[in-house]
Amino acid sequence: MDEVSKIPLTEQPQIILLKEGTDTSQGKAQLVSNINACMAVADVVRTTLGPRGMDKLIHDEKGNTTISNDGATIMKLLDIVHPAAKILVDIAKSQDSEVGDGTTTVVLLAGEFLKEAKPFIEDGVHPQNLIRSFRTAAYLAIEKVKELASSIEGKSLQEKKRLLANCAATTLSSKLIGGEKEFFATMVVDAVLAIGSDDRLNMIGIKKVPGGNMRDSFLVNGVAFKKTFSYAGFEQQPKKFVMPKILLLNIELELKSEKENAEIRLSDPSQYQSIVDAEWNIIYDKLDKCVKSGAKIVLSRLAIGDLGTQYFADRDIFCAGRVAEEDLQRVAAATGGTVQTSINNIIDEVLGSCELFEERQVGNERFNIFSGCPSGQTATIVLRGGADQFIEEAERSLHDAIMIVRRAMKNSTVVAGGGAIDMEISRYLRQHARTIAGKSQLFINSYAKALEVIPRQLCDNAGFDATDVLNKLRQKHALQTGEGALYGVDINTGGIADNFANFVWEPAVVKINAINAATEAACLVLSVDETVKNPKSESAQGDAAAMGGRGRGGAAFRGRGGRGMRRR
């Protein structure tokens, strides 16, 4: 018996499942680490929220500088490598493409939901319990937003314009151009109403011209684009037309040089002249057909050479070659013309028209402006401003405002902004939590507390005492009569005010989308219990380095042997 006991038990053979060097982490510590990463990302954009939010200056490896306080832009420019934190970048992008605004809000909410979940996870609560409660709370919150939203349907056009301008002004107030929000809000509303029910955002062009001040920006009910490269003879062309016909082309109108390896054998030198003449006849024939079409303005996506430019100038016709594809499409949509790929049999139906065409000086640029277009489904905003970065940020801000106005027109319900709707949902969820027995009461309570991050952050960013303001808001929202439901932070005084009466509005769809996306992201992070990071295989790295070297060598070689001057 003794001898038997001395024989060691056969050791379990070790199972090697993953490649050597694979990094795996699992369990509670791993989940808490993911939550911390997401909170760190939320802290980056935290200070950009609201009308008193600060801006971020981001400098990338190419040396480009971007100044922005748009959540989505900042998230895109931050090169985030943490896999869990990337989820927040994705929800900011989806909020931007879906609604256009509320990108900082969505990241903040997701970070705050995770922050509230962290102590429960550390205490050993199963993540699935939290996820279930968070989803219930999100559903209740969205239903409450829908219930509190006011419709702007059925109003007269004048009234609707005013309401939409309020939505645009609320969005713009947190941007760099917030000082001129009324000026830009009306401009944005006019632009969106101009394109009507057309869903294509590229029908609203935004052109940037450095110089002047913001107030010099203007809206063109039609198309405006920068004067393209032009040849001699351009200055002799007329620069203003009333009710012109417009011909849009996608062909070159210049003498084509023969390919280098073309070969023509002549038996008689006099035949050479006939070949040259044939070339000239082809181009003259094309130009003649353009003139006969009756068009007074000829635009082409490809080049119109010096011969064509002079030919048109002699016949009082305006022409522009190398017009950007996007601008040509917008001219086509606005004037009712069709882009032609051939000059033969041009009929009147394919020509566009507009009330007025003129070339106007804007700053030190010249712009070709088509206004009073018949179909009118396009508009162009010409932006002016001092620094380039400033104009870039103004463009991003206007994009947000345009998206918001479009959304408000489609889903015509709005809610009070400035933290009012967040406080009301928070109160409602706290009240609802009391009716639930069990742990989920605590989880829904923590979800309700997380929603208060929006008014709290608005106060912090404006330099007010957040605790004081939040206590006033809680007291106001707790009134049984329900009159406090519309009260939010008053940025100007540091107190609280009825934000609906003060026209601090945002479309209900922004809030619904933000709550939905933030809850989904938080639940996704909570549902991950293990991270496996595969090692980069050394051979792959070696191959990449070799390829890089080869590629560079090739490029250098190509550079030397490229097309240049022919050696004499």
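Select Leu57 first: its bridge partner in strand E3 is Ile67. Strands here are DSSP runs of E with at least two residues, helices are runs of H or I with at least four, and both are numbered from the N terminus. Now widen the selection to E2 (residues 56-59) and E3 (residues 65-68), an antiparallel pair joined by 4 bridges; two strands pair if DSSP finds at least two bridges between them. Between the strands of this hairpin lie 5 residues, and Gly63 takes a positive phi near 90 degrees.

A word on the model before moving on. It is predicted, so local features need pLDDT of at least 70 and side-chain atom pairs count only at pLDDT 80 or more, while totals for chains, interfaces and linings use all residues. Residues are numbered from 1 along each chain as its sequence is written, and side-chain values use heavy atoms, leaving out hydrogens and water.

Zoom out to the whole protein chain, which has 18 helices and 20 strands. Of its 568 residues, 46% are buried, meaning under 20% relative accessible area, with exposed over 50% and partly exposed in between (1.4 Å probe, protein chains only).

Next, show E4, E16 and E19. These 3 strands form an open antiparallel sheet in the order E4-E16-E19. Its edge strands are E4 (150-151) and E19 (505-507), each pairing on one side only. E4 meets E16 (residues 413-416) over 2 bridges in the antiparallel sense, and Ser151 has Thr413 as its bridge partner in E16.

Now go to Ser397, in helix H12 (residues 388-410). Is Ser397 buried or exposed? Ser397 is buried, with a relative accessible area of 1%. Leaving aside neighbours within four places in sequence, Ser397 is in contact with Leu172, Lys175 and Ile177; contact means heavy atoms within 4.5 Å.

The contact is made by Phe184, Val188, Val189, Val192 and Leu193 of H8, and by H12 residues including Leu398, Ala401 and Ile402. Axes are lines fitted to C-alpha atoms, for helices over the stretch in contact, and angles run from 0 to 180 degrees between N-to-C directions. Angles under 35 degrees count as roughly parallel, over 145 as roughly antiparallel, 65 to 115 as roughly perpendicular, and the rest as oblique.

The axes of H7 and H8 come within 8 Å and cross at roughly 125 degrees, which makes H7 oblique to H8. From H7, the residues in this contact include Leu164, Ala168 and Leu172; from H8, they include Phe184, Val189 and Leu193.

For the last stop, select E7, E14, E13 and E8, the order in which 4 strands form an open antiparallel sheet. E7 (222-226) and E8 (240-242) are the edge strands, each pairing on one side only. Neighbouring strands of this sheet are turned by 25 degrees against each other on average, direction ignored. E7 and E14 (residues 365-371) run antiparallel, joined by 5 bridges, and Gly222 has Ser371 as its bridge partner in E14.
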